[in-house]
Amino acid sequence: EDQIDHMALDGTTLTNLEILHSLSTGSKDGSLLSKIDFTRSPHGARLLRAWLLRPLFRKEDIDRRADVVQELSSGAAAVAMCEARELLRKTNDIERLLSRVHSMGGSISSDGSANNISYLPEERAVLYESEKHTKRKVGDFSKLLNGLKAASEIPSLFANTEVESPMLAKIVKTTEDGGCFPAQMREKLDYFFDNFDVKKAAKGDFEPSRGMDEVYDRVLEEIDSIKHQLEQFRDEMCSNGELDPPRLARQHWKYINLKEDSKDKYLIELPISVNVPAEFVVKGKRGKGDKQVNKYRAPRVASLVQQLEDALDVKTS
């Protein structure tokens with residue numbers, strides 16, 4: 001008996017006592033659960049149901065829980081709890097979301113290394129690659145972040161409240177104050193909010209922000225340098241007299257196909273009336289007569305574009 005902390009209720013007892021369902025209607029309405037279920041979150045509703053199915057057995061445990069209920073029913077704790085209920089409504093189903101997100105990750109040991117390489121996501125079989133599935137996974141992660149963000153504000157509601165119940169203090173106080181609530185949780189969540197773009201990720205674009213990865217940052221710097229050299233080349237060509245007339249060239253020089261997935265990147269558009277060096281190769285044209293615009297590829301630009309393509313390959317790898 002010393003090892004028993006919960007009562008075991010069989011199906012007949014649950015039915016006769018109308019714990020979960022009413023005998024007259026067979027539904028939740030009229031049951032004990034319907035009378036006391038004022039939970040604001042899905043995981044809270046499941047926990048309350050589990051408590052009813054396995055009620056406490058020891059008097060000291062029942063008294064501790066009753067003390068928490070009494071304290072939350074009046075005074076400053078009741079005011080804080082009223083505000084906390086609104087936050088709990090915004091937490092989504094944290095319990096299941098955590099399970100889903102955790103299933104996407106790997107198993108990491110205390111030294112930061114993977115316990116088993118088979119648990120690493122890149123080593124798993126890919127079951128889904130559709131945009132719809134990606135959006136669902138990203139959506140779950142986004143809901144989890146927002147839910148945790150709402151939950152992280154709960155300790156601040158009780159910060160200036162003198163909590164008498166040890167059990168309640170353990171729940172609503174952070175680990176820094178002797179409770180179980182993770183300390184500095186908001187600061188840790190801000191890292192994800194600052195570096196995770198939900199809309200881009202839903203499309204499969206998981207581009208990290210600068211400062212997150214040293215190699216990635218070096219690639220971005222290389223890309224910026226190449227683009228700067230392309231602009232310098234334009235300024236040089238428009239000022240050294242190799243394009244005639246230089247004023248018209250400077251006014252109308254335009255690089256096209258600038259997107260990362262574009263073909264024939266950085267072709268040069270110039271009016272047909274602008275004389276160009278012989279090394280400029282015509283790759284296309286648009287318009288007719290005096291309004292014709294030629295699309296050129298210069299050797300220097302071709303070399304820089306190849307460097308850019310190589311850097312973009314590293315960036316997306």
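These legends walk through a few close-ups of a predicted model.

Local features need pLDDT of at least 70 and side-chain atom pairs count only at pLDDT 80 or more, while totals for chains, interfaces and linings use all residues. Residues are numbered from 1 along each chain as its sequence is written, and side-chain values use heavy atoms, with hydrogens and water left out.

**View 1. The largest nonpolar core holds 24 residues.** A core here is a set of buried Ala, Val, Leu, Ile, Met, Phe, Trp, Tyr and Cys residues joined through side-chain atoms within 4.5 Å; buried means under 20% relative accessible area, exposed over 50%, partly exposed in between (1.4 Å probe, protein chains only). Phe 233, Trp 253, Ile 268 and Val 301 have the most contacts inside this core. Helix H12 (214–239), strand S2 (267–271) and helix H14 (299–316) each give two or more residues, with H12 giving the most, at 7. Helices (H or I, at least four residues) and strands (E, at least two) are DSSP runs, numbered from the N terminus.

**View 2. Strand S2 pairs with S1 and S4.** S2 runs antiparallel to S1 (residues 254–256), joined by 3 bridges, and to S4 (residues 293–297) over 4 bridges; pairing takes at least two DSSP bridges. Lys 254 has Glu 269 as its bridge partner, and Pro 271 sits opposite Val 293. Both faces of S2 are covered: Leu 267, Glu 269 and Pro 271 are buried on one side, Ile 268 and Leu 270 on the other.

**View 3. Ile 4 comes before helix H1 (11–16).** Ile 4 counts as partly exposed because its relative accessibility is 38%.
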